[in-house]
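Work through the exercises below with the sequence and the model open beside you. Try each task before reading its solution.

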Amino acid sequence: MRQPVQELIERYQNNLYAIAFNICKNQADAEDVVQDTLIQYYTTSKDFEDEQHIRAWLIRIVINKAKNTTLAFWRRNRRSLEDYIETLTFENPESENLFEEVLKLPEKYRIVIHLFYYEDYSVREIADILKLSESNVKTRLSRGRSLLKTALREEWENDE
Amino acid sequence: MTNKEKYKQAFSVLHTSDISEGEVKYMVKLRKQQKMKLAAAAIAVCVIVGGTGTAYAANVGGIQRTIQLWMHGDQTSATLDLNTDDGSYSLEYKDTDGNTVTQGGGGVAFDADGNERPLTEDEIMEELNAPDVEYLDDDSVWVYYKNQKIEITDKFDKDNVCYVKIENGDETIYMTVKYQNGYSTSPDKYPDPRSFN
């Protein structure tokens, strides 16, 4: 099956942006990555099984492209992460604190944490998207949680 | 609140600038044209370095040709409309599923004095038959050149760069591919990955 690009944009653009931003930590890079991902969907001849297949494919592509961006030889001179965070309107100081602490995590924990807590993917599904073993995903999830718990203390529950 | 609820609340502040389907389609078209211009610039450099005094075809305006084109390892007939006044072209052929595919492009080159000029018919043909890279949905990566199909999925180094030497009879092409970030070719040596994109 194929879904019109416009439908995917309306449904997933902010989710894809959040994933890309989580990796790039840069607004402009993340926006470029989302646009590149949608272009790749538009030009691919791949036939998808269902909407969840499309969603997982988009997420895999956006992660790969965002990682490539961070590896690029040059990085554009852009607004700093701190300046960008100042433009965001958080519901409360705890949210801002959580946001900042997540972005301090090592990238390999950050991606897994985001797919689990924001996209509601299971360990098995994350393993499939990231091409990792389930035990590897569990380890990264556990270490990411542990780092968040240390940083956020009572603002983060023990949920393992 | 659960951790998931807290997390979602924190990250729900992220919103991207609105993207439209029209913008995506426009970018696809634009990139095809940019790719053409980059190739044209590379051709011009070869002419200057080689100093062979290549004579270019006279400007004869619109030309239509039926040509044999290599598309991902398969040879197919295509109709090529050239406008040598501005170096633009349109191409029409049938893909492996029998669907008619139309694509267009164009570009300019620079002569030895640095003056801009439209691409010639030979240069456009050279570009159309140049090596191409395809990223498949199973994550494999392929280089196509005429009837050759080379998998390079596992050939990228730690910097995500792959160097491919393509041999076709007496012809040798050196190709540098940056993973999902463009490629460049030369008949003399591997292009420096820092020199493009």
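**Exercise 1.** How many salt bridges does the rule find across the interface of chain B and chain A?

*Solution.* The model is predicted, and side-chain atom pairs count only at pLDDT 80 or more. Across this interface the rule finds 3 salt bridges. One step is to check a pair against the cut-off: a salt bridge needs a side-chain nitrogen of Lys or Arg within 4 Å of a carboxyl oxygen of Asp or Glu. A:Asp120 and B:Lys8 form a salt bridge through their side chains, with 2.5 Å from N to O.

**Exercise 2.** Describe the side of chain B that touches chain A.

*Solution.* Begin with the polar contacts: 17 residue pairs, both residues at pLDDT 80 or more, are found across the interface of chain B and chain A. Next, look for the elements of chain B that give two or more residues to this side; they are α1 (3-11) and α2 (21-50). Of these, α1(B) supplies the largest share, 8 residues. Then sort the residues of this side by class: 11 are nonpolar, 10 polar and 11 charged. Finally, take the contact as a whole. Chain B brings 32 residues and chain A brings 49 residues. About 3800 Å² is buried between the two chains, and carbon and sulfur atoms give 55% of that area.

**Exercise 3.** Which residues lie nearest the centre of the second largest pocket, and how many residues line it?

*Solution.* The lining holds 22 residues, and those nearest the centre are A:Asn64, A:Lys67, A:Asn68, B:Asn160 and B:Tyr179. In chain A, the elements giving two or more residues to the lining are α3 (51-71), α6 (107-117) and α7 (123-130). The most come from α3(A), with 7 residues. The pocket has a volume of about 550 Å³. By class, its lining has 10 nonpolar, 5 polar and 7 charged residues.

**Exercise 4.** How many cavities of 30 Å³ or more does the rule count? Describe the lining of each.

*Solution.* The count is 2 cavities of 30 Å³ or more.

Step 1: the largest cavity holds about 80 Å³ of space. Its lining includes A:Trp57, A:Asn64, B:Tyr135 and B:Tyr179. The most residues, 3, come from α3(A). The lining divides into 5 nonpolar, 4 polar and 2 charged residues.

Step 2: the second largest cavity holds about 40 Å³. Among its lining residues are A:Tyr12, A:Arg55 and A:Glu119. Both α1 (5-24) and α3 of chain A give two or more residues to this lining. The largest share, 4 residues, is from α1(A).

Definitions and conventions
Residues numbered from 1 in each chain as written. Chains lettered and ligands numbered in written order. Predicted model: local features only at pLDDT ≥ 70, side-chain atom pairs only at ≥ 80, totals over all residues. Heavy atoms only, no water. Contact = heavy atoms within 4.5 Å. Buried area = accessible area lost by both parts, 1.4 Å probe. Polar contact = N/O pair within 3.5 Å; in protein donor to acceptor, adjacent residues only side chain to side chain. Nonpolar A, V, L, I, M, F, W, Y, C, P; charged D, E, K, R; others polar. 1 Å grid on protein atoms, 1.4 Å probe; cavity = no way out; pocket = protein on both sides within 12 Å on 5 of 7 lines; lining within 4 Å. Points joined across faces, edges and corners; volume = space filled by probe spheres on them.
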